[in-house]
Amino acid sequence: MTRSRRTVLSTGAVALPLALCVALAGPAHAGEQPNNSQGSNTEQSGGSDGTGIYAAARITYSGSVAEGGGRGNVVSADVNWTPPPCWYAPYLGAKDFKKKMSADIEGQMSAPGMGGHAGAALSELQRHYEDDYGWADTPGYKDYNVEKDGEGMFWAAVENPDEPDLLKRNSCNDLPFWVDNGDAPPPQYEEAITPEILAALAYQHMQLPDTEVSLAPEGTTKVNLPTWAWLDKAVFDEVQATAAINAPGFALQATTTAKPVSLTLEPGTKDAETHPASGECTINADDSIGEPYAKGKADRTPPCGITYLRSSGNGTYDLQATITWDIAWTGTGGAGGDMPDGTFGSTQAVTVQEIQSVNR
């Protein structure tokens, strides 16, 4: 039987998804609980049954991450890149899994009107975990593997709660499977948690600093008068976010690092010129961007800035300043690599006035 046979057990009958939903609701949500630690090292784990076997392995976050467990403010410059919608992670030890899954299956089997294809699917699921019934690349289990309790864990699907597409979120639909402590999950489970997946989740929860660009003149400028823009290196440091998961015999972590590389200015009106013409101000050798205005520079063109060509009238222009960050990651076992650049922008109100002339 091919891999599709495993998924048909969880999607081909009406009753079985209900059983699995009850069994796996815990890790589907508890497995993804970010903490806003702002640089501290948080420790978080699932419950214990008194034997040291964890009831769930949770991902913990540290560094610059969004408060309250939400998405961070970084936006991928690659519109085709998205964080993982789901993954497989350590769930329960053998005894706990037997208690949970067998109770759910028996409860569904005893429900009024249960029969036909749904009842047959439940019976097949029960045989899979109790009577060593397996197929192709998926071995069955004898009595839920309780003889190996403490030597490994059943892994199960975890949904990414920040994935808006329900179908993608539910795409990890294979049945829970056993992994011995210290072993990698079977290769057919391509969505099993890895340092790279953790790095992507750290990226998703990363909170970049809301840095306001320094302007001169500040707030109010004149038509045809160059407005200088800059960011000091002191407020333009790299940002890190770490995601980690720990379970008996299994531990992974990954740190995603964002380094600022450029600032893009959008004047908020077509009646303006940016400096340089592209509007992108690259980082200087000293890690600053642009150049602070100083007395005597009024007649110079700023290396980073804007010249407004028309008054904003009774209103203001919304100057959009977007910082581009180079993002890379490192993780357990020396893994690492590059990720898509990230961007984060802020808006500043700029008043542009006409230069008043005096008639004598």
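**The disulfides and their setting**

Analyst: Cys 304 is buried, because its relative accessibility is 1%, under the 20% cut-off. This value, like the others below, comes from a predicted model.

Cys 304 is one partner of a disulfide, the other being Cys 281, with a distance of 2.2 Å from S to S. The two cysteines are 23 residues apart in sequence: Cys 281 belongs to strand S12 (residues 280-282), while Cys 304 sits in the loop between strand S13 (289-290) and strand S14 (305-308), so the link ties these parts together. Cys 281 has a relative accessible area of 3% and is therefore buried as well. The link of Cys 281 and Cys 304 is right-handed, with 90° about the S-S bond.

The structure holds 2 disulfides. The other one joins Cys 86 to Cys 172, with 2.0 Å from S to S. This pair links distant parts of the chain, 86 residues apart: Cys 86 is in strand S3 (residues 86-92), and Cys 172 is in the loop between helix H5 (166-169) and strand S5 (177-180). Both Cys 86 and Cys 172 are buried. Their link is right-handed, with 80° about the S-S bond. When the bonded cysteines are numbered in sequence order, the pairing reads 1-2, 3-4.

A cis peptide bond with omega of about 0° joins His 275 and Pro 276. Most peptide bonds are trans. A cis peptide bond is also found between Ala 216 and Pro 217, where omega is about 0°. Pro 217 lies in the loop between strand S6 (214-216) and strand S7 (220-222).

Most residues other than glycine have a negative phi. Asp 143, although not a glycine, has a positive phi of about 50°. Tyr 144, in the loop between H4 and S4, has a positive phi of about 60° and is not a glycine either. As for accessibility, Asp 143 is partly exposed because its relative accessible area is 30%, whereas Tyr 144, with 1%, is buried.

How values were computed:
Residues are numbered from 1 along each chain as its sequence is written. This is a predicted model: local features need pLDDT of at least 70, side-chain atom pairs count only at pLDDT 80 or more; totals for chains, interfaces and linings use all residues. Side-chain values use heavy atoms; hydrogens and water are left out. A disulfide is a pair of cysteine sulfur atoms within 2.5 Å. Helices (H or I, at least four residues) and strands (E, at least two) are DSSP runs, numbered from the N terminus. Buried means under 20% relative accessible area, exposed over 50%, partly exposed in between (1.4 Å probe, protein chains only).
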